[in-house]
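Thank you all for coming; I would like to walk you through one structure this morning, moving from a helix contact to the sheets and then to the ligand. Please have the sequence and the model open while I talk.

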Amino acid sequence: MILEVKDFNVTYVNKHKRVYAVKNVNFNIDKGDSLGLVGESGSGKSTLAMALLRLLSKKSTEISGTANFLGRDLVNLSEEELKEIRWKEISVVFQKSMNSLSPVHRIRTQVEDIYRVHNPKAAKEEIRDRFTYLLKLVNLSDRVYNLYPHELSGGMLQRVSIAISLLNNPKLLIMDEATTALDVVTQGQILDEVVKMEKEMDMTRIMITHDMSVVATSCNKVAVMYAGEMMEMGYVKEVLKNPLHPYTEGLIASFPSLKGKKEKLKSIEGFLPDLSKRYEGCIFAPRCSKVMDICKKKPAEVKMDNGTVVRCHLYGGETDEE
Ligand SMILES: Nc1ncnc2c1ncn2[C@@H]1O[C@H](COP(=O)(O)OP(=O)(O)OP(=O)(O)O)[C@@H](O)[C@H]1O
């Protein structure tokens with residue numbers, strides 16, 4: 001196991017209110033897994049990833065629980081220890097990562113700086129060779145190495161950011177909508193290459209996305225979040241074929257057919273609840289078409305025979321009152 005997250009909570013705190021953005025989340029990722037993290041906008045996916053990477057401001061967030069990454073609890077690591085881990089062991093690409101490239105330095109200079117954080121004595125040629133390989137992977141010509149960011153398009157820069165995230169062979173790569181803004185062909189190519197490469201390098205990936213087809217084609221596991229809670233997690237081939245939670249079912253139905261058939265999209269009635277309030281019972285109950293009396297009590301996680309873990313009274317299990 002590479003990452004084991006237990007009882008994980010993230011709360012944004014400001015003068016006027018508290019926002020419970022991630023609540024009691026549990027999940028494990030094995031080495032080599034590619035986990036798609038899905039859920040509608042505002043369900044807490046980015047907050048979860050940012051909190052695991054400790055990129056949220058300490059002043060305005062409270063984090064509790066544990067996140068054991070290869071024997072170290074990410075929640076309690078010092079800044080120094082985190083620096084050791086970032087880029088080299090855990091790397092992240094956001095949708096807007098390209099904006100963090102410096103406009104006044106050539107790509108080459110920035111790549112050299114990042115590479116040398118963990119390999120201070122690396123020669124220029126070694127770095128160039130490694131990066132040229134990565135540029136090819138994201139479908140860019142090696143001439144990009146000597147250019148300035150303003151000489152590239154947004155999509156090209158985002159591909160440079162993805163290549164940079166792979167520079168130090170991270171053990172865990174987190175992609176937060178990293179390919180969303182790219183055209184479908186480029187996105188497909190990059191994901192194919194990343195999948196191939198992670199097999200070679202034994203890399204593990206968490207992929208935050210709105211796009212179920214991305215999960216279907218590039219992940220082996222999927223975790224479904226709703227209003228800060230993990231509703232269902234399991235193998236992609238099980239969950240997409242046989243979703244257990246009514247929310248997962250709704251989410252899958254609201255995507256265009258994965259086979260490309262044009263069907264009218266269904267949407268899930270209702271809205272995400274206000275996360276600054278605490279709720280009793282199942283958080284999805286007010287929108288659920290299968291709601292029952294018992295849903296006034298919080299469902300516990302139920303582990304099914306096919307490996308899926310689901311939080312729903314339809315599958316029995318105890319209640320999990322806080
Ligand atoms: N700095 C903040 N202060 C207070 N609340 C916040 C802050 N950032 C995010 N939130 C709230 O936390 C919740 C989870 O947001 P988050 O961005 O993690 O969701 P998401 O699932 O990643 O959404 P999206 O898919 O739109 O990126 C939302 O209700 C959001 O309004």
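Predicted model: local features only at pLDDT ≥ 70, side-chain atom pairs only at ≥ 80, totals over all residues.

Sorted by class, the contact of H3 with H4 has four nonpolar residues and two charged ones, with no polar residue. As for the geometry, two packed helices are described by the angle between their axes and the distance between the axes. For H3, which covers residues 107–118, and H4, which covers residues 124–137, the angle is about 105° and the axes are 10 Å apart. That angle makes H3 roughly perpendicular to H4.

Let me step back to the whole chain, which has nine helices and 12 strands. Its C-alpha atoms fill a box of roughly 65 × 50 × 40 Å along the principal axes. For 322 residues, a compact globule would have a radius of gyration near 20 Å, and the chain, with 21 Å, agrees with that.

Now to the sheets, beginning with the one built from eight strands, which is open, has mixed pairing and runs in the order E6-E7-E8-E3-E9-E10-E12-E11. Strand E6 (90–94) and strand E11 (301–303) stand at the edges with a single partner strand each, so one side of each is left without a neighbour in the sheet. On average, and ignoring direction, neighbouring strands of this sheet are turned by 20° against each other. Helix H5, residues 154–165, lies across E6 and E7 and runs at about 170° to E6.

The other sheet I want to show is also open, but it consists of four strands in the order E2-E1-E4-E5, with antiparallel pairing. Its edge strands are E2 and strand E5 (72–73), each of which pairs on one side only. Inside it, strand E1 (residues 3–13) and strand E4 (residues 61–69) pair in the antiparallel sense over eight bridges, and the bridge partner of Thr-11 in E4 is Glu-62. Helix H1 lies across E1, E2 and E4, running at about 70° to E2.

That brings us to the ligand, and to a question: which element gives the most to the shell around the ligand? The answer is H1, with three residues. Strand E2 (18–29) and helix H1 (45–52) are the elements that give two or more residues to this shell. Among the surrounding residues are Tyr-12, Val-19, Ala-21, Lys-45, Ser-46, Thr-47 and Leu-275, and the list also includes Gly-39, Ser-41, Gly-42, Ser-43 and Gly-44. By class, the shell divides into seven polar residues, four nonpolar and one charged.

Definitions and conventions:
Residues numbered from 1 in each chain as written. Axes fitted to C-alpha atoms, helices over the stretch in contact; angles between N-to-C directions. Parallel < 35°, antiparallel > 145°, perpendicular 65-115°, else oblique. Nonpolar A, V, L, I, M, F, W, Y, C, P; charged D, E, K, R; others polar. Near = placed C-beta within 6 Å. Pairing = 2+ DSSP bridges. Contact = placed C-beta atoms within 7 Å. Rg over C-alpha atoms; globule rule 2.2 N^0.38 Å.
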